[in-house]
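This report describes one chain, going from its overall make-up to single residues. Please keep the sequence and the model in view while reading.

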Amino acid sequence: MLWFYRCPNCGQELNVDWPSRLERRTCRHCRREHFAPTPPGMRLLAARPFVCGAVRRLMLNHAWRRRTDGSSKVALIAWPHNDPPDLTHPKGNGTPYAERQHDGTAGDCGNGWLDLDLPDAPGSCWVAAVALTDETGRLEMEECLLTGVE
Ligand SMILES: [Zn+2]
């Protein structure tokens, strides 16, 4: 999986193979070294080019299981493929973002879903990302299914 981000020095679009995202990189535009910004505290489960064309809404169905007591959040984030957001601050920067909080006790499991409306962006190919943020507890995603509808 490729992780798309903007160079923290010059703002140009870059990408890195997800397993190497924590390594020091050299920007091919400005030649300065940096670390790829990733969402703080989030465990990114998937980020992939997903839908083109007339899709106006993404739906994430997920089966989850709670490993420890407490709360966690599941987030669904989308961005046009050619315009990756600053994912260090995914909320409130105009990026389509939806989240659902899960509270409970260890061993709980269930199914949930998230809807995300996409803005009108003719011809865009969207990247969809699924992330978990553990606050006071730890949640595991057992399965997830992402679909796009008109
Ligand atoms: Zn740069």
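## Overall make-up

Of the 150 residues in the chain, 23% are buried; a residue is buried if 20 or more other C-beta atoms lie within 10 Å of its own, exposed if 12 or fewer, and partly exposed in between, with C-beta atoms placed from the backbone. This is a predicted model, in which local features need pLDDT of at least 70 and side-chain atom pairs count only at pLDDT 80 or more, while totals for chains, interfaces and linings use all residues. Residues are numbered from 1 along each chain as its sequence is written.

The chain has 11 strands and zero helices. Helices (H or I, at least four residues) and strands (E, at least two) are DSSP runs, numbered from the N terminus. Along the sequence the pattern reads β-β-β-β-β-β-β-β-β-β-β. Taking contacts between residues at least 6 apart in sequence, 71% join residues at least 24 apart; two residues are in contact if their C-beta atoms, placed from the backbone, lie within 7 Å.

## Confidence

The mean pLDDT of the chain is 83, and 87% of the residues score at least 70. pLDDT is the predictor's confidence in each residue, from 0 to 100. Confidence is lowest in strand E5 (residues 42-52), with a mean of 70, and highest in strand E3 (residues 24-26), at 92.

## The largest nonpolar core

In soluble globular proteins, nonpolar side chains tend to be buried together. A nonpolar core is here a set of buried Ala, Val, Leu, Ile, Met, Phe, Trp, Tyr and Cys residues joined through C-beta atoms within 7 Å. The largest one has 24 residues, and the members that touch the most others are Leu58, Leu76, Ala78, Val127 and Ala128. Two or more residues come from each of strands E1 (2-6), E6 (57-66), E7 (70-80), E10 (125-134) and E11 (139-149). E10 gives the most, with seven residues. Domain 1 (1-38) and domain 2 (39-149) each supply at least three residues to this core; the domain bounds come from an automatic or database domain assignment.

Which residues does Leu76 contact, leaving aside its neighbours within four places in sequence? They are Leu58, Leu60, Ala98, Leu114, Leu116, Ala128 and Val130.

## The E9-E6-E11 sheet

Strands of a sheet pair through backbone hydrogen bonds, either parallel or antiparallel. Three strands form an open sheet in the order E9-E6-E11, with antiparallel pairing; two strands pair if DSSP finds at least two bridges between them. Strand E9 (109-117) and E11 are the edge strands, each pairing on one side only. From one strand to the next the twist averages 20°; axes are lines fitted to C-alpha atoms, for helices over the stretch in contact, and angles run from 0 to 180 degrees between N-to-C directions.

E6 and E9 run antiparallel and are joined by nine bridges. Arg57 has Asp117 in E9 as its bridge partner. These two residues are 60 apart along the chain, yet their C-alpha atoms are separated by 4.4 Å. Asp117 is exposed because it has 10 other C-beta atoms within 10 Å. Not counting residues up to four places away in sequence, Asp117 touches Arg56, Arg57 and Pro96.

E1 pairs with strand E2 (residues 13-17) in the antiparallel sense over five bridges. Leu2 has Asp17 in E2 as its bridge partner, and Tyr5 stands opposite Leu14 in E2. Six residues lie between the strands of this hairpin, where Gly11 takes a positive phi near 80°.

## Two further residues

Most residues other than glycine have a negative phi, and most peptide bonds are trans. Arg31 has a positive phi near 65° and is not a glycine. Arg31 sits in the loop between E3 and strand E4 (33-35). Is Arg31 exposed or buried? Arg31 counts as exposed because it has 9 C-beta neighbours inside 10 Å.

Tyr97 belongs to strand E8 (residues 97-104). It has 19 C-beta neighbours inside 10 Å and so counts as partly exposed. Tyr97 and Asp115 are 18 residues apart in sequence, and their C-alpha atoms are 9.3 Å apart in space.
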